[in-house]
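Please open the model in a viewer and keep the selection panel at hand.

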Amino acid sequence: MSESEWKPIRIVERISTLPTLPTTVSSILREMANPESSAIGLAKLISSDQSLAGSILRVVNSAYYNFPRKIGSLTDAVVLLGYKGIRNIVLSVTAFRFFSNSSDYLDRKKLWNHTLACAIIADLLNRRLKLNESNCFEAALLHDIGKVVFDYLDPEVLRGAIKEARRKELPLITVEPAHFGITHSEVGTLLANHWNLPDNIVQAIQFHHQPENTVPEYLHITSLVSLSNAVAYSVEMGDSVFESIPELSPIVFETLKIKDTFIEDSREEISQSVETGLEAFSSIN
Ligand SMILES: [Fe+2]
Ligand SMILES: [Fe+2]
């Protein structure tokens, strides 16, 4: 496939052939949204996917959650973590499966660690800045999923883009349109829509590099994901393409009401939480 042959319209066609979220995951997410659901019902659903059940128990027993006793049953895990906690793990496990295929050109393991770090940071900052945003863990976890989609569509073309970005010392996103006719934010948005993810996640994926373009309703979550991405680079959890901390739009500081020294000031504390979080979630595989 020559580079010029990639046009957004062809990409849209190819995305529609990608698998949707596994049935267990969609039914778990549906069950959680059901006001009449119970911890027991949810635990039952989860146990229909043995590897998912195992991952949840491993994560819930990790140092990240720091429960004083060993959690042996899924029902206990659901009660202790709450629906939100379980949903984070379910989506992490699913996204991990998506990231785990090996590729010669894109360091998916590094990208996975980057996105997981972003998710842990977004969750932490959401609490610390008292933003009360829902789905921020998931949005941050999936913000760069478009890079995996590029790798799936055409690894050779992606390699050309990565090489060019490295040579010119530019962020990957600035060279992507010349190679794919579209950016990783845009292609990630197509996948998020194909997966029927909620609008706030879709918007955060679409505008994580330009939060100023998001609709006011989703400005907080998009700014939070944008900030978490930059913070991840500052604690050396960037992706494999370009290592310097991305510049943030002033709207991020304004929206989240933080000082422009925020990243520098919170680096040490965040670095600690990221370390325990990564250790916990690495037991997924
Ligand atoms: Fe990105
Ligand atoms: Fe990123």
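Predicted model: local features only at pLDDT ≥ 70, side-chain atom pairs only at ≥ 80, totals over all residues.

Residues are numbered from 1 along each chain as its sequence is written, and chains are lettered from A and ligands numbered from 1 in the order in which they are written.

**The overall fold**

Along the principal axes, the C-alpha trace spans about 55 × 45 × 35 Å.

Of the contacts between residues at least 6 apart in sequence, 67% join residues at least 24 apart. Two residues are in contact if their C-beta atoms, placed from the backbone, lie within 7 Å.

Across the boundary, 16 residues of domain 1 are in contact with 18 residues of domain 2. On the domain 1 side, the elements that give two or more residues are α4 and α5, and α5 gives the most, with 8 residues. By class, this side of domain 1 has 10 nonpolar, 5 polar and 1 charged residues. In this scheme Ala, Val, Leu, Ile, Met, Phe, Trp, Tyr, Cys and Pro count as nonpolar, Asp, Glu, Lys and Arg as charged, and the others, Gly among them, as polar.

**Helix α4**

Select residues 50-60, which form helix α4. Which residues of this helix are buried? They are L52, S55, I56, L57, V59 and V60. These buried residues pack against α2 (23-33), α3 (39-47), α5 (74-99) and α15 (262-281).

Now centre on V60, which counts as buried because it has 22 C-beta neighbours inside 10 Å. Leaving aside neighbours within four places in sequence, V60 is in contact with Y65, I71, A77, L80 and L81. For a sense of scale, draw a distance from V60 to L170: their C-alpha atoms are separated by 39 Å, and the two residues are 110 apart along the chain.

**Helices α8 and α11**

Move to α8 (residues 145-153) and α11 (residues 184-194), which pack at an angle of about 90° with their axes 7 Å apart. Axes are lines fitted to C-alpha atoms, for helices over the stretch in contact, and angles run from 0 to 180 degrees between N-to-C directions. The two helices are therefore roughly perpendicular to each other, a term that covers 65 to 115 degrees. Show side chains for I145, G146, K147, V149 and F150 in α8, which meet H184, S185, E186, V187, G188 and L191 in α11. The residues of this contact divide into 5 nonpolar, 4 polar and 2 charged.

Within α11, select A192. With 24 C-beta neighbours inside 10 Å, A192 counts as buried. Beyond neighbours within four places in sequence, A192 is in contact with L142, L197, I201, V202 and I205.

**L158 in helix α9**

L158 lies in helix α9 (residues 155-168) and counts as buried, with 25 C-beta neighbours inside 10 Å. Apart from neighbours within four places in sequence, L158 is in contact with Y105, L106, F150 and D151.

**Two loop lysines**

Finish in the loops. K130 is placed between α6 (108-128) and α7 (136-142), and its phi is near 50°, a positive value in a residue other than glycine. K130 is exposed, with 8 other C-beta atoms within 10 Å. K257 is found in the loop between α14 (250-256) and α15, with a positive phi of about 55° although it is not a glycine. K257 is exposed, with 10 other C-beta atoms within 10 Å.

Methods. Helix = DSSP H or I, 4+ residues; strand = E, 2+ residues; numbered from the N terminus. Buried ≥ 20, exposed ≤ 12 C-beta atoms within 10 Å, placed from the backbone. Parallel < 35°, antiparallel > 145°, perpendicular 65-115°, else oblique.
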